[in-house]
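Subject: Structure handover

Hi,

Here is the structure I promised to pass on.

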Amino acid sequence: MAPSTESVVHVNFSNPRSFATKFKSHLKETFFPDDPFRQFRNEPPLRRTKKALQYFVPIFEWLPKYTFSMFKYDVLAGITIASLAIPQGISYAKLAEIPPIIGLYSSFVPPLVYAVFGSSRSMAVGTVAAVSLLIASTIGDVVSPTDDPTLFLHLVFTATFITGIFQTALGLLRLGILVDFLSHSTITGFMGGTATIICLQQLKGFLGLRHFTTKTDVVSVVRAIFSHRNEWRWESAVMGVCFLLFLLFTVQLRKRLPRLFWVSAVAPIVTVLIGCIIAYFLRGHDAIQTVGHLKKGLNPLSIGYLNFNPKYLTAVVKAGIITAILGLAEGIAIGRSFAIMRNEQTDGNKEMIAFGLMNILGSFTSCYLTTGPFSKSAVNFNAGCRSAMSNVVMAFCMMLTLLFLAPVFSYTPLVALSAIITSAMLGLIKYDEAYHLFKVDKFDFCICMAAFFGVTFVTMDVGLMLSVGLSIVRALLYVARPATVKLGNIPNSTLYRDVEQYPAATSFPGVLVLQLGSPIHFANSTYIRERILRWINEEEDVSSPKGTNVEHVLLDLGGVTSIDMTGIETLVEVLRNMQAKGIKMGLVNPRTEVLEKLMAAKFIDIIGQEAIFLSIDEAIRASQFSLNVWTQKDGVDKDHVPDTKGLL
């Protein structure tokens, strides 16, 4: 039997890739990490065109497979979410300081657009409270919704148009990475703060106030409530408390008995209908304020009302961009959450395009900003929807409402809308989530609280920017202060792990193994250089009493994904510093991009190819061999030399 031979794999020092190849690779990983065009490869032109159409317009993919059994589920889901869309549309329109009919319009055209271009089966399109309040507060800084309601409404349409353009551009350019800057902590704090001030603002409806502040901070809202004590009406308060208790009861019922989810779903429309009946019999009594006249008819065109006057453009663009990012963050997160439950996938960039197109077309047809609200999407999911057809059914129900039933809702009491909004907002204040952040990560908790208190005590945009700013600072700290750890060998294995995490891991005399866990570039190169030298000094302080000095430093570059010219100069400085101390440096497992740059910069020529290793184990054995060669010259027994066949 022939003796077994040990196969040796060497580091690949092949010629660097061309600039075009590297640029194409970087471009793909940056903008196309999901490789969306893989399904078009190796296909004939006709089939490729068909697949491209199905990819960019998802309705062409699921509609040919649609069945009547699926339609039955979607009809039920569509009718259920329509019953929720009517009161929410009216309520959130009032929150945005625009006519209530606009809220109903916004649940007709956008769902149809999303059904064509959206990729989520569970998403239900509609208006959301946080965005409604943000639009009102931002545009209200330049135009009063009470003094000039027509101009205010036109600017809302314009902000919606800008939102759509921005969202579509992000989707087409595949820049969804911008939405990732809204961390989970930021969204939790922002939504909680927004829900708090929205609940406080609903005291205007509960108390029947006719005069109120346009500011959103807690201090201004509380001051407005108590400065108009002469307008408080007990009749409105009693009705509001009764409605709120009924809505909260249905929410708790749904939590205890999930199969009765439909009870909480229809509770808002029941509240509105009961309120309409009471207000009808009390008409002429000024204690109960109502929505007012709602005219019949479908959405009128509003493309001619878009206002790009430079006097208001700054506020409009600000409102459009901020609400666009918020709408995308909420909608995409919700779509992904429900997709995971069904083991499906949603394309974030296609969702951006769908949201953008429905807001662009919505701004042309008297709608304001829409996205995928959690409450409506959850009802849609629990109702058993099978496809985006449920949005079409909802739009059809809204069409019937606009054509025949709109005047019925003219008697909707404002206090009923306040109760509906309050019950929805209480669910957005996630105390348990904030406590969980505090227990797990204190910095994340600080980011959450910055958003919460910034929104509640200053303004919504200040709170959001403050929280995002802290998140970016934290990310920069991670970049500027990357992890650098000392590795040791796990006994009876070839594994090398952090000696702090695994105290049983052993080091080798005279050899220091360090692992760098991030790209090396201008922002962290100084820290990395100082940290490596500090590791050497600390190791020598420990080793000197034992009579062993550091003679080899091995840098594990497996986690270093990239390096710039400053980083290369840093390695050169570290190498020269080590050479001055008589220490040899080796590099372990450099990645392709890093190795190519080191070769192009001639660093490999300086350190030598023999100092580049494929694995830590190989580098350790080579270092021990070098140490033993020197000790043999001093009379050490050759039997102690380890087997290093094929390594050097």
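This is a predicted model: local features need pLDDT of at least 70, side-chain atom pairs count only at pLDDT 80 or more; totals for chains, interfaces and linings use all residues.

Residues are numbered from 1 along each chain as its sequence is written, and side-chain values use heavy atoms, with hydrogens and water left out.

The protein chain has 26 helices and six strands (DSSP runs numbered from the N terminus: H or I of at least four residues for helices, E of at least two for strands). Its C-alpha trace spans about 110 × 65 × 55 Å along the principal axes. Of its 648 residues, 50% count as buried (under 20% relative accessible area; exposed is over 50%, and partly exposed is in between, with a 1.4 Å probe and protein chains only).

Now the salt bridges (a side-chain nitrogen of Lys or Arg within 4 Å of a carboxyl oxygen of Asp or Glu). The whole structure has eight of them. One of these joins Asp-444 and Arg-474, at 2.9 Å from N to O. That pair links distant parts of the chain, with Asp-444 in helix α20 (residues 442-457) and Arg-474 in helix α21 (residues 460-480), 30 residues apart. Asp-444 and Arg-474 are both buried.

Glu-538 and Arg-534 also pair up, at 3.3 Å from N to O. These two sit in helix α22 (residues 525-543), four residues apart, or about one turn of the helix. Glu-538 is partly exposed at 33% relative accessibility, and Arg-534 is partly exposed too, with a relative accessible area of 44%.

A further salt bridge runs between Asp-617 and Arg-621, whose closest N and O atoms are 3.6 Å apart. Asp-617 and Arg-621 are separated by about one helical turn because they are four residues apart in helix α26 (residues 616-633).

Finally, what lies on the surface? Ile-177, Leu-178, Phe-181, Ile-472 and Leu-476 form a nonpolar patch there, with about 450 Å² of accessible area together (patch residues have over 30% relative accessible area and no salt bridge; nonpolar side chains are joined within 5 Å, like charges within 9 Å). Among them, Leu-178 lies in the loop between α8 (149-172) and α9 (184-201) and is partly exposed, with a relative accessible area of 37%.

Cheers

How values were computed:
Accessible areas come from the Shrake-Rupley method with a 1.4 Å probe; for residues, only the protein chains shown count as cover.
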